[in-house]
Amino acid sequence: MDRTSHQLFDAYFMQPAMREVFSDRGRLQGMLDFEAALARAQARIGLIPHAVIADIEGCCRAGLFDVDELALAIAVAGNSAIPLVKALGRLIAKRSPEAERYVHMGATSQDAMDSGLVLQLRAAVALLESDLAQLADALAEQAQRHAGTPLAGRTWLQQATPVTLGMKIAGWLGAVTRHRQRLRELKPRLLCLQLGGASGTLAALGEQGFDVSEALAGELGLNQPDQPWHTQRDRLVEFAGFLGLVAGSLGKVGRDLSLLMQTEAGEVFEPSAPGKGGSSTMPHKRNPVAAAVMISAATRAPGLVATMFAAMPQEHERSLGLWHAEWETLPSLCCLVSGALQQALQVIPNLEVDPPRMLHNLALTKGLVLAESVSIALARQMGREAAHHLIEQCCRRTVEQGAELRQVLGAEPQVTAHLSADELDRALDPAAYLGQSRRWVERAVAEHHDFVVLNN
């Protein structure tokens, strides 16, 4: 079997680099890196001879192992470390029977699997950090570019008052910046060594157990935990929750984009490319294919996050079934989120924006989207309640007559007694009723820049 092959949908839903991190070879290499580092750590404190290290390290390469054979053995053994350690021992023994005696000494299967996973997660975190940084830069640029581009705000899927495209994008940016802060904060908790031996006491290593643990953490560049975490899974679940948050925020981006791309809106589009978003039967179609991936990830992620939470109450010092439930769940989350990020990175820097269409859509209600603006201006003269009631009546007449709100207001003596024609025109100008839109953009961009400065 070709273990480098993947399902047809993987290229659409997953980032290739993340998919490689959690491939069969990636999983094996994580555990093998643990085994090689364990031997180096034990040699460093004098527990095993330095002379055996070269033979052990030379065999800790995933390409030397038959993945199909291991897969069959895992089905019998119950986890991946047991058959891998046996195969590693046989391989080393061919080189040096002496070296084989010191393989996996004092560790348990879960030590190799959990620490191997953490090494994979470190690579995954690096990919996520890079992608989130690129996405934040692209969002900041687009938010600034469109800080003053008016479009209809929409509440309950109905037109509300005007906003700006930059303000909408700044909202996306703010979420990404917060996710980057979260990731930076949780990294030290996540990237922790797992070494406890059979029941977490490291009894097999005697008085040198803690020294081995410290040396191994140093070899792998991982943090030394307060104690082994075989059945304390909060580190992994916290990361899963983080991934769920990122997926949800990207889903929000995808949802907004897909709605803005609808024929009836036609305001913002994913960048076009030959063959992208087409239909097998309708030549005119331009479907939001990147948004679909982001929405799909946001739809699938909560169930995976829930599985990680459900697997937390693990029994005693080693879990039956709950630990196993994590094995594919967390990697799947990483791959889903990375795929959604890749789609966002393809779309955001090259958004196609149609400002005239935005103004056209703002005019669809014949001025009704600015009714609040007029009501506020009038309230300064006649009080909020009276102004609101009066403009509400004018809006009703506008709809009944199929007229422009400006026309109805100009014919209403109670309005013209307080507002001049120029004041009415200004109150009904979308560009003049954008509130703090630009400031929200400035604040989101500033927070993004502050994060970059503080973390570089």
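**Salt bridges and a buried glutamine**

Analyst: Arg 101 is exposed, because its relative accessible area is 54% (exposed means over 50%, buried under 20%, partly exposed in between, with a 1.4 Å probe and protein chains only). The model is predicted, so local features need pLDDT of at least 70 and side-chain atom pairs count only at pLDDT 80 or more, while totals for chains, interfaces and linings use all residues. Residues are numbered from 1 along each chain as its sequence is written, and side-chain values use heavy atoms, with hydrogens and water left out.

User: What does Glu 98 form with Arg 101?

Analyst: Glu 98 forms a salt bridge with Arg 101, with the closest N and O atoms 2.8 Å apart; the term means a side-chain nitrogen of Lys or Arg within 4 Å of a carboxyl oxygen of Asp or Glu.

User: How many salt bridges does the count come to?

Analyst: The count comes to 16 salt bridges, and one of them joins the side chains of Asp 114 and Arg 233 at 2.9 Å, N to O.

User: Are Asp 114 and Arg 233 buried or exposed?

Analyst: Both Asp 114 and Arg 233 are buried.

User: Switching topic, which residues does Gln 110 touch?

Analyst: Leaving out residues up to four places away in sequence, Gln 110 touches Ser 115, Gln 194, His 230, Arg 233, Arg 318 and Trp 323, where contact means heavy atoms within 4.5 Å. Gln 110 counts as buried because its relative accessibility is 1%, and its side chain reaches the backbone oxygen of His 230 at 2.9 Å.

Methods
A polar contact is a pair of N or O atoms within 3.5 Å; within protein, one must be able to donate a hydrogen and the other to accept it, and residues adjacent in sequence count only if both atoms are side-chain atoms.
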